[in-house]
Amino acid sequence: MSRLFPEKWLVVIAVLLGTFTIILNNSMLNPAVPHLMNIFGADAVSTGWVITIFMVTMGITMPLTGYLGDKYGKKQLYLIGLFIFLAGSILGSTSWDLSSLIFFRGMQGVAGGLMMPLSMALIFEVFPKYERGLAVGIWGIAAMMAPTVGPTIGGFIIETGPWQWLFLVNVPTGIIGLIIGSMYLKNTNKVEGISFDKWGFVTVTAGVGTILFALGKVSTLQHLSDPFNIGLIVFGVLSLLLFIRIENRTKQPLLDLSIFKNRAFTYSVWISISTSIALFGGIFLIPLLIQHVYGLNAIITGLIFLPAALFSGIFMTIGGRILDQKGPLLVVTSGLVVTAICTMMLGFTTKDTSLVVIFLLMAMRGIGQGLSTMPATTAGMNAIPDQFVSRGSAMNNVFRQMSSALVIVFISIFYEVRRAHVFPMVGTLEEASLQAINEGFVILGVIAIVTVPLGWLLGKEAEKQEKNTTMSA
């Protein structure tokens, strides 16, 4: 195979297969929850744990990847994670009750937490800075396309076959990724004499775990006002504040927070949060628009998502190449502008708006996200020392995970509350739903607009650091 592709590109293919398998599997299961309720005779709260446990275990595992990758080697840890994910998938297909299914989903979450941050670190090991934009752009296709096509594939599997295929479909790509990874991923040096920051681990696990757990339980205003959920969120925030205090005083911290002193990295994290909010907010609102307002089915909803997935993938590679040649200023800023405009325009749809218009706006949003998301992340990672890449990637992924969970909670509550408030004034449920959806998109659009200056600041900071590096050389 190395005759067809240079070995460094086989590294990208290996981690792309693993990443795509993980994200696709998770997004496929979202529309399957009602079906699994019927299969196992469980209520919505209990079955919702199939989604929540993955999010929680993935979130609490991610901060460990930097330490474990240094101690045992990034390649070995990544392959172990992929093996655990495959085992969780096969065992998940044999689940005999809901508890066993939730346990195997937890295994998959642990595996995802190990693999996601290491994917970028493994790519950075074999690509020089001036080629990383294109490489990460190609890898990022998995991260952008899987959440949008996953629900469509999941819905198709539920309609046409047994539920076990929701798990077994992971096996072929996972095995191929395992084989290619074992052959072509580069062995990394193990760091001797490192110590485990146990109190940092305890506090960050408690903080990230309880916040994600609480957000996973919340879908209505009543849930949000539940004292137990409020207590979890408060406990989580306090744990993270204690974690920050511990990390700033520890000689060998679990996550070296000093990298946030690097402005380019900090700007890139904020951009990742914003683009994640725009992506997952849209993933929540578009099905409501297509099915509750237009009265169309899930297949049409899936088709509406396809142009966003396709164009985000295409323009992620284009954006990566521009990043390598010109830096992040133009590509990231223009991507954020396009995302903001198209998101805001989706907030002005009516019942008479043609599906073609929504189709085009989603395609343009895909272009904007392709140009901004991975180029911004790559620019931020390029700005920090290579030995911090796996830790920086872990922090970036944790923030994306928490922001995506937060926006889904916020938008779902906003939608329910606002629709109920508007209904008496407009008279029909469709009109009330449309107004709530439109206002949700406007909120997402405002967040995207506020983020645009960060693209410019990231570009200027990256140019400044590049100039300083050239002068010192």
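Mentor: A polar contact is a pair of N or O atoms within 3.5 Å. Keep that cut-off in mind for this predicted model.

Trainee: Which backbone oxygen lies 3.4 Å from a polar atom of the side chain of Ser276?

Mentor: Ser276 lies in helix H14, residues 263-293. Leaving aside neighbours within four places in sequence, its contacts are Gly281, Arg400, Ser403 and Ser404. The backbone oxygen at 3.4 Å from the side chain of Ser276 belongs to Arg400.

Trainee: Is Ser276 buried or exposed?

Mentor: A residue counts as buried when its relative accessible area is under 20%. The relative accessibility of Ser276 is 0%, so Ser276 is buried.

Trainee: What separates the C-alpha atoms of Ser276 and Ala405?

Mentor: Along the chain, Ser276 and Ala405 are 129 residues apart.

Trainee: What should helix H13 span at 1.5 Å a residue?

Mentor: Helix H13 runs over residues 227-247, which is 21 residues. The expected span uses one less than the number of residues.

Trainee: Why are the buried residues of H13 on the same side?

Mentor: The buried residues of H13 are Asn229, Leu232, Gly236, Ser239, Leu240, Phe243, Ile246 and Glu247. They are on the same side of H13 because they cover an arc of only 120 degrees around the axis. In an α-helix, residues three or four places apart point the same way, because there are 3.6 residues a turn.

Trainee: Which helices do the buried residues of H13 pack against?

Mentor: The face turned away from the buried side carries the exposed residues Pro227, Leu238 and Leu241. The buried residues of H13 pack against helices H11 (198-217), H12 (221-224) and H18 (389-426).

Trainee: Which side chain is joined to that of Gln465 by a polar contact of 3.0 Å?

Mentor: Gln465 has its place in helix H19, residues 429-472. Not counting residues up to four places away in sequence, Gln465 touches Asn262, Ala264 and Ala383. The side chain in the 3.0 Å polar contact is that of Asn262.

Trainee: What is the radius of gyration of the chain?

Mentor: The secondary structure comes to 19 helices and zero strands. For 473 residues the globule rule gives 23 Å, and the chain is close to that, so it is as compact as a globular protein of that length. Its radius of gyration is 22 Å.

Terms used:
Residues numbered from 1 in each chain as written. Predicted model: local features only at pLDDT ≥ 70, side-chain atom pairs only at ≥ 80, totals over all residues. Heavy atoms only, no water. Helix = DSSP H or I, 4+ residues; strand = E, 2+ residues; numbered from the N terminus. Buried < 20%, exposed > 50% of the residue type's maximum accessible area, 1.4 Å probe, protein only. Arc of directions from axis to C-beta. Contact = heavy atoms within 4.5 Å. Polar contact = N/O pair within 3.5 Å; in protein donor to acceptor, adjacent residues only side chain to side chain. Rg over C-alpha atoms; globule rule 2.2 N^0.38 Å.
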